[in-house]
Amino acid sequence: MNWQELYNQKCVSASEAVAQIQSGDRVVVGHACGSPETLLAAMVAGKEQYTGVELVHMVSMGPSEYCSEENAVHFFHNSLFAGATSRTAVNQGRGIFTPCHFSQIPRLFTDNILPVDVTLCMISPPDEHGYCSFGISVDYTKPAAESSRLVIAEVTPHMPRTLGDSFIHVSDIDFIVETNAKPLTLPLPKITPTDEAIGGHIAELIKDGDCLQLGIGAVPDSILGFLKDKKDLGVHTEMFSDGVVDLVESGVITCAKKNLHNGKMAATFFMGTERLYKFVHNNPMVMMFPVDYTNSPAVIAQNDNMVSVNSALQVDFNGQVVSDTIGHKQYSGTGGQVDFVRGAAMSKGGRSILAFHSTAAKGKISRVVPRIDPGACVTTARTDVHYIVTEFGVADLRGKSVSERAKALINIAHPDFREDLRSEFENIYLKENPLLRPLPEEHRKRYWPHEARQDFLKQYAQAS
C-alpha cells in the first residue's frame, strides 16, 4: 500500500479522532502556537466521555478550556511551563506543575518517566514522500509522538513546512484530521522606553560574529533594533520571532561565523506573526530540531561566542535569579534558561545575560532584593550567573565575591530603592552574613587582593 492510500484510510473527523482517548490517559499536546486547537475543541466538546485525562504541555496559547473549573472532573493539567491560560489552574489545584529544564523534557517521554498514551499535534500536509513537518513546534512534540501509543494529527496547509529533524511519516500517524485552521499567532510586542534602555545595554555586549539565543517579548525585540550595524551574527536558539527576519533580510544575520550548522539558524519552535511563518516555510537557512538537541548545553557550546539573553523576575544580593515563581505561586517555568546560560558559559568567548525591568507592580517593588521572596524558587543558581541587566546598567557578576555582587546589583537597581537596599546591605554586611563582611586590614595581603597580586607580578617580572 502506498502512502497516499494509507493517508486516506487514516482520515477521520475530529470527534472520531479524539474518541480514541480513554479516561485516565496521559495526552501530550503540541506546544505553544503549534497547539492543535481543532482537536482540543473536539475533546472538550466530548468531555462527558472522559474522566481524569491528564493533559501535558508547556506554554498554552489557546483558550485552554480543559483548565476551567467546570471541566476539572474530566481533565487535569500537568504544566511543564505555566502560561497565561494555565497558571490559574495550577495555582488553584486543578493542575500540577512539573519542574524540568526544556532540554530534558523529551527524555520524560522517551524514557517512560512520563509514559505517553496519546499525542495531539498540528502538522503540515505530506510531501511527495509521505513526510509531514511538525512546522513551528518540533521541540518536545516530535519526541512525544515517537514515544506515544497513539498519534492524532491535525493536518493543515497553513502549517509551515520547516526543514531539519522535523518530520513524521504518514505511516507513523494513527488518525488524521484535515482542517483549514491556521497556527496560532503572537502579535508584535509594544516596546517601551524601559525596554529600549535594556536593549541598548545588551546590544553593547554583542559583537560582530556572535551567535545569539534570544527569547520572546519586548526586550529581545528591542535588542534586535540595536544590532543593525553588526556583521555576520548567527542564531542558535530555542525560538525566535519576527525581529530576526528583519536582520536576515538586511544581511546582519548570516550565520557565516558559526562553528555548528554554518550558514544555518537552528531552532526548536516559533511564535510570531504570519510573516514569520512564511519566512520559515521551506527555508533552507532555517533548521529545526527537537529540544533535547537545540538546548543541550554541550551542543550550544560548540558555537564560539555564544550569547544567551533571557528574562527574570527577581535577583538577590547573592546573584540568585528567580524567573518562574512569584513567592509560592507558579508564574511560568524554567524553560530553556539554564540550558542556554550553561551552554553559553561553556562556549569559547560565550556570555549569558539575564535582563529585566528594575521594578514590578508599576514601580512599587524592586526586583533587586536582599533575599528572594519566601516560597520563591531559584531558577538560575548564583554560580551560573554572568551578566544581569536592567534599564540602569549592567552588572558583571563573574569572579565577584558576595559583597561585590551585592554592590554591583544595587548600582543597577532603580534609584528609588537604592538607599533602602544599601541600608539592608549594611545590616547584612555587618550582622547576619559573614560572607559579606570585608577582610580585616591586617589580612588583606594574606588573602592576596587584586592590587597585591598585581604588585607582586610586577616585582617578579622585574626580578626576572
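His77 stands opposite Gly95 in strand 4, where strands (E, at least two residues) and helices (H or I, at least four) are DSSP runs numbered from the N terminus. The model is predicted, so that local features need pLDDT of at least 70 and side-chain atom pairs count only at pLDDT 80 or more, while totals for chains, interfaces and linings use all residues. Residues are numbered from 1 along each chain as its sequence is written, and side-chain values use heavy atoms, with hydrogens and water left out.

Strand 3 (residues 75–79) runs parallel to strand 4 and is joined to it by three bridges; two strands pair if DSSP finds at least two bridges between them. Both belong to an open sheet of seven strands in the order 4-3-2-1-5-7-10, with parallel pairing. Strand 4 (95–97) and strand 10 (175–178) each have a single partner strand at the edges of this sheet, so one side of each lacks a neighbour there. On average, neighbouring strands of the sheet are turned by 20 degrees against each other, direction ignored. Helix 3 (residues 37–45) packs on the sheet and touches strand 1 (26–29), strand 2 (53–57), strand 3, strand 5 (118–123), strand 7 (150–155) and strand 10, contact meaning heavy atoms within 4.5 Å. The direction of helix 3 makes about 120 degrees with that of strand 7; axes are lines fitted to C-alpha atoms, for helices over the stretch in contact, and angles run from 0 to 180 degrees between N-to-C directions.

A second open sheet, of three strands with mixed pairing, has the order 19-18-25. Strand 19 (321–322) and strand 25 (368–369) stand at its edges with a single partner strand each, so one side of each is without a neighbour in the sheet. Strand 18 (residues 314–316) pairs with strand 25 in the parallel sense over two bridges, and Val315 stands opposite Val368 in strand 25.

The structure holds 15 salt bridges, each defined as a side-chain nitrogen of Lys or Arg within 4 Å of a carboxyl oxygen of Asp or Glu. One of them joins the side chains of Lys182 and Glu274 (3.4 Å, N to O). Lys182 lies in the loop between strand 10 and helix 7 (193–203) and Glu274 in helix 10 (residues 274–280), so the pair ties together parts that are 92 residues apart in sequence.
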